[in-house]
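Here is a short briefing on a predicted model.

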Amino acid sequence: FSQNNDCVDEKSDNIPSLSPREVYGQLIRNIDQQAIMMLNFAVYSSYAAMMSIVPLHVFNIMGDEATAGKVGLLFASGAMMGWIGAPSGGYLADRFGRKKTIFPSALLISCGIFSSTLGYVDDFQTLLPAIMLWGLGNSMTSPGMSAFAADIADNENIRGQALSLSRMAGDFAFLITPTCLGVLAQSTSCSTALQITSVVVLGANLTFAARATERTRDRYKRNN
């Protein structure tokens, strides 16, 4: 390992002698690992906002026209975009690189969340495109993020541990974000809670773009 962007080389014989605590400690000190954990926290926060705030937001903006069926259809429409976004995001991450795919995909998340709070969004028809854009961004981001987290550990013996740290960041977001967003929505508004979520995703995405290193293409050329 190094403290910055280069983890253990694939031919290294030192990994088996390291304890899990040492492996996790050195992974956490890696700049790329820190960047992807931060972004994963933000993306999972957007999932939490989708589940906890969006249903309330729908009833706030649609009033008596809001029904459980329409809320369910909104969720289904966002999930449906995964059929397009997930394979597209996976292909683009392999073809052009993880970082080059993750950044614009995460921008779609921010845009989708923020657009759902705009003034003209006052019925099902105007909210639906925002939710679909949000869902598309989420599904396109996930394959690249998982691949990036695995790529941080050049040695295959520790890739599971590298992936687990990224997942832990997401689980931590699920642990605290619903409550925080709920309190925020109650003290201000659902729109404000969603806008702050959009800003959190954007900030984490910009930090990822500034700090993370694209190394996948170089490894692909070396191995082929």
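The largest nonpolar core holds 41 residues, and Leu 39, Val 58, Trp 134 and Phe 208 touch the most other members. Such a core is a set of buried Ala, Val, Leu, Ile, Met, Phe, Trp, Tyr and Cys residues joined through side-chain atoms within 4.5 Å. Buried means under 20% relative accessible area (1.4 Å probe, protein chains only).

**Core**
- At least two core residues come from each of these helices: H1 (20-28), H2 (31-52), H3 (54-62), H4 (68-80), H6 (98-115), H7 (124-152), H8 (159-187) and H9 (190-211).
- Helices are DSSP runs of H or I, at least four residues long, and strands are E runs of at least two, numbered from the N terminus.
- Leu 39 touches Ile 102, Ala 106, Met 145, Val 201, Ala 204, Asn 205 and Phe 208, leaving aside residues up to four places away in sequence.
- Contact means heavy atoms within 4.5 Å.

**Asp 151**
- Asp 151 lies in helix H7.
- Its relative accessible area is 11%, so Asp 151 counts as buried.
- The side chains of Asp 151 and Arg 98 make a polar contact at 2.7 Å.
- A polar contact is a pair of N or O atoms within 3.5 Å; within protein, one must be able to donate a hydrogen and the other to accept it, and residues adjacent in sequence count only if both atoms are side-chain atoms.

**Whole chain**
- The chain has 10 helices and zero strands.
- Of its 224 residues, 45% are buried.
- Among contacts between residues at least 6 apart in sequence, 84% join residues at least 24 apart.

**Basis**
- Residues are numbered from 1 along each chain as its sequence is written, and side-chain values use heavy atoms, without hydrogens or water.
- In this predicted model, local features need pLDDT of at least 70, side-chain atom pairs count only at pLDDT 80 or more, and totals for chains, interfaces and linings use all residues.

Methods:
Buried means under 20% relative accessible area, exposed over 50%, partly exposed in between (1.4 Å probe, protein chains only).
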